[in-house]
Amino acid sequence: MSEPINPWKILSSRIVHQSPWLTLYEDDVIRPNGKEGKYTYAQSPPFVLVIGYDNERFIMIRQYRYPLKREMIEFPGGSIDEGEQPLEAAKREFEEETGLEADKWTRLGVIHNPNLAIVFLAEQLTETGKEQMSEDGIANVIRLAWPDIDQLVSRGEFTDSKTLAALLLFERYHAGV
């Protein structure tokens, strides 16, 4: 793939806020229309997303998302620690959030939301009982079949973009595409 043409010109860039989970930037730019302006954006470290699947149902979590002030249904996952390989992060996060481990792991692809997420499929699951759900506001682990997910999407109750994108990767993998 060739280098994309960038019609934006960056005059200066500064960090407005920084934490282990988020860096907020403010850039002075010349926009594609030639006008000067500011562009503020956030970047987070790369993370993993794990689709646990027991050949019938998806292993998901119900988690309170503070910025949204609501519970979301999503796949388990989290940040990749510095120096950690994505698969190791996926195994760690999956066990921490669900109390499960998997014997079979498949990398399904990547998504951007806009941060980089590496999506893994975890199969052949066994219970470890080592979950640490309450630490991140995880209410419980749930198992949902395709019809359950379809109903939740139809009712507007299943809206997590990264989980919906990961389901598309799973569908393509499952169909052999």
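Q: Is threonine 163 buried or exposed, and what is its relative accessible area?
A: This is a predicted model. Threonine 163 sits in helix α3, residues 161-174. Buried means under 20% relative accessible area. Threonine 163 is buried, at a relative accessible area of 0%.

Q: Which residue's side chain makes a polar contact with the side chain of threonine 163?
A: Beyond four places in sequence, threonine 163 is in contact with Leu49, Met60, Ile73, Glu74, Phe75 and Phe158. The polar contact joins two side chains at 2.6 Å. The partner of threonine 163 is aspartate 160.

Q: How many residues are in the largest nonpolar core?
A: In soluble globular proteins, nonpolar side chains tend to be buried together. Here, the residues with the most contacts inside the largest core are Ile51, Phe58, Met60, Phe75 and Val119. Elements giving it two or more residues are β4, β5, β8, β9, β10, α2 (146-154) and α3.

Q: Which threonine does methionine 60 touch, not counting residues up to four places away in sequence?
A: The list for methionine 60 includes Ile73, Phe75, Pro76, Val141, Ile142, Leu144 and Ile149. Glu74 and Asn140 are also on it.

Q: What kind of pair do the rings of phenylalanine 58 and tryptophan 146 form?
A: The structure holds eleven aromatic pairs. In this one the ring centres are 5.1 Å apart and the planes stand at 85 degrees. Planes over 60 degrees apart count as edge-to-face. So the pair of phenylalanine 58 and tryptophan 146 is edge-to-face.

Q: How many residues apart in sequence are the parts that phenylalanine 58 and tryptophan 146 tie together?
A: Phenylalanine 58 is buried, with a relative accessible area of 0%, while tryptophan 146 counts as partly exposed at 31%. Phenylalanine 58 lies in strand β5 and tryptophan 146 in helix α2. The pair therefore ties together parts separated in sequence by 88 residues.

Q: Which strands hold tryptophan 105 and phenylalanine 120?
A: Their ring centres are 6.5 Å apart with planes at 75 degrees, so this pair is edge-to-face. Tryptophan 105 counts as buried at 19% relative accessibility, and phenylalanine 120 counts as buried at 4%. The pair ties together parts 15 residues apart in sequence, with tryptophan 105 in β8 and phenylalanine 120 in β9.

Q: What is the reach of helix α1 from its first C-alpha to its last?
A: Helix α1 covers residues 86-98, which is 13 residues. At 1.5 Å a residue, the expected value is 18 Å. The reach of α1 is close to that, at 18 Å.

Q: Which residue follows α1, and what is its phi?
A: The buried residues of α1 are Pro86, Ala89, Ala90, Glu93, Phe94, Glu95, Glu97 and Thr98. Their cover includes β4, β5, β7, β8, β9 and β10. After α1 comes glycine 99, with a positive phi near 75 degrees.

Q: How many helices and strands does the protein chain have?
A: From the N terminus on, the elements run β-β-β-β-β-β-β-α-β-β-β-α-α. Buried residues make up 37% of the 177 residues. The count is three helices and ten strands.

How values were computed:
Residues numbered from 1 in each chain as written. Predicted model: local features only at pLDDT ≥ 70, side-chain atom pairs only at ≥ 80, totals over all residues. Heavy atoms only, no water. Helix = DSSP H or I, 4+ residues; strand = E, 2+ residues; numbered from the N terminus. Expected span 1.5 Å × (residues − 1). Buried < 20%, exposed > 50% of the residue type's maximum accessible area, 1.4 Å probe, protein only. Contact = heavy atoms within 4.5 Å. Polar contact = N/O pair within 3.5 Å; in protein donor to acceptor, adjacent residues only side chain to side chain. Core = buried A, V, L, I, M, F, W, Y, C linked by side-chain atoms within 4.5 Å. Phe/Tyr/Trp six-rings, centres within 6.5 Å; stacked < 30°, edge-to-face > 60°.
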